[in-house]
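Trainee: Could we go through this model together, one question at a time?
Mentor: Happy to! Let's look at it first.

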Amino acid sequence: MQDFAAIDFETANGERSSVCSVGVVVVRGGVVTDRFYSLIQPEPNYYTWFCQRVHGLGPADTDDAEVFPYVWERVAPLIEGLPLVAHNSPFDEGCLRAVMRVYQMDWPGYKFYCTCRASRRKQPYLPNHQLHTVAEACGFCLENHHHALADAEACAAIAIKLL
């Protein structure tokens, strides 16, 4: 796969619709050509202690952020016509479907591929298939794990190697 968009969402709470940040890395011809990151005001708009501990975001970061439809207006043209790649794609696809449903947005038929599944098939010798482990095995140093753009960059590096 030479052309795709790697995507990662972070959530504010246990609801998949509660996306509070998104990172997107566009790859064309096997080379990163664009990056996008935005904070998002989550829906529902509350943070659990666990989620805050994972990614470090909280209400002070997103209270003045745009809601999802306005952020997605900038993402959609970047990824138009591209398959989407995520590490543990059921989570990220589930987030995207849930937040689009909340805002009554039509699902445009995005096709998702999973770098975690690809790693399990192609790298069965790894001790685990977590993003940071797989990224390192693919020669990518993930320094800011659970920042949506950093995770999307790691996912893109993995996809370039494995897909």
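Mentor: One definition before we start: two strands pair if DSSP finds at least two bridges between them. Keep in mind that this is a predicted model.

Trainee: Which residue in β2 is the bridge partner of A5?
Mentor: Start with the strands: β1 and strand β2 (residues 19-28) are joined by eight bridges and pair in the antiparallel sense. Among the bridge partners there, the one in β2 that goes with A5 is V26.

Trainee: And which residue in β4 does A5 stand opposite?
Mentor: Here β1 meets strand β4 (residues 84-86), and the two run parallel, joined by two bridges. In β4, the residue opposite A5 is L84.

Trainee: How many residues of strand β1 are buried?
Mentor: Buried means under 20% relative accessible area. On one side of β1, F4, A6, D8 and E10 are buried, and on the other A5, I7, F9 and T11 are too, so both faces are covered. Strand β1 (residues 4-11) is therefore largely enclosed by the rest of the structure, with a buried count of eight of the eight residues.

Trainee: Is V54 buried, partly exposed or exposed?
Mentor: V54 lies in helix α1 (residues 49-55), and together with W49 and F50 it makes a nonpolar surface patch of about 350 Å². Its relative accessibility is 31%, so V54 counts as partly exposed.

Trainee: What charge does the surface patch with R117 have?
Mentor: R117 sits in helix α5 (residues 115-122). At 45% relative accessibility, R117 is partly exposed. Along with R120, R121 and K122, it gathers in a surface patch whose charge is positive.

Technical notes
Residues are numbered from 1 along each chain as its sequence is written. This is a predicted model: local features need pLDDT of at least 70, side-chain atom pairs count only at pLDDT 80 or more; totals for chains, interfaces and linings use all residues. Side-chain values use heavy atoms; hydrogens and water are left out. Patches are made of residues with over 30% relative accessible area and no salt bridge: like charges are joined within 9 Å, nonpolar side chains (Val, Leu, Ile, Met, Phe, Trp, Tyr) within 5 Å. Accessible areas come from the Shrake-Rupley method with a 1.4 Å probe; for residues, only the protein chains shown count as cover. A salt bridge is a side-chain nitrogen of Lys or Arg within 4 Å of a carboxyl oxygen of Asp or Glu. Lys and Arg count as positive and Asp and Glu as negative; His and the chain ends are not counted. The place of a charge is taken as NZ of Lys, CZ of Arg, CG of Asp or CD of Glu. Helices (H or I, at least four residues) and strands (E, at least two) are DSSP runs, numbered from the N terminus. Buried means under 20% relative accessible area, exposed over 50%, partly exposed in between (1.4 Å probe, protein chains only).
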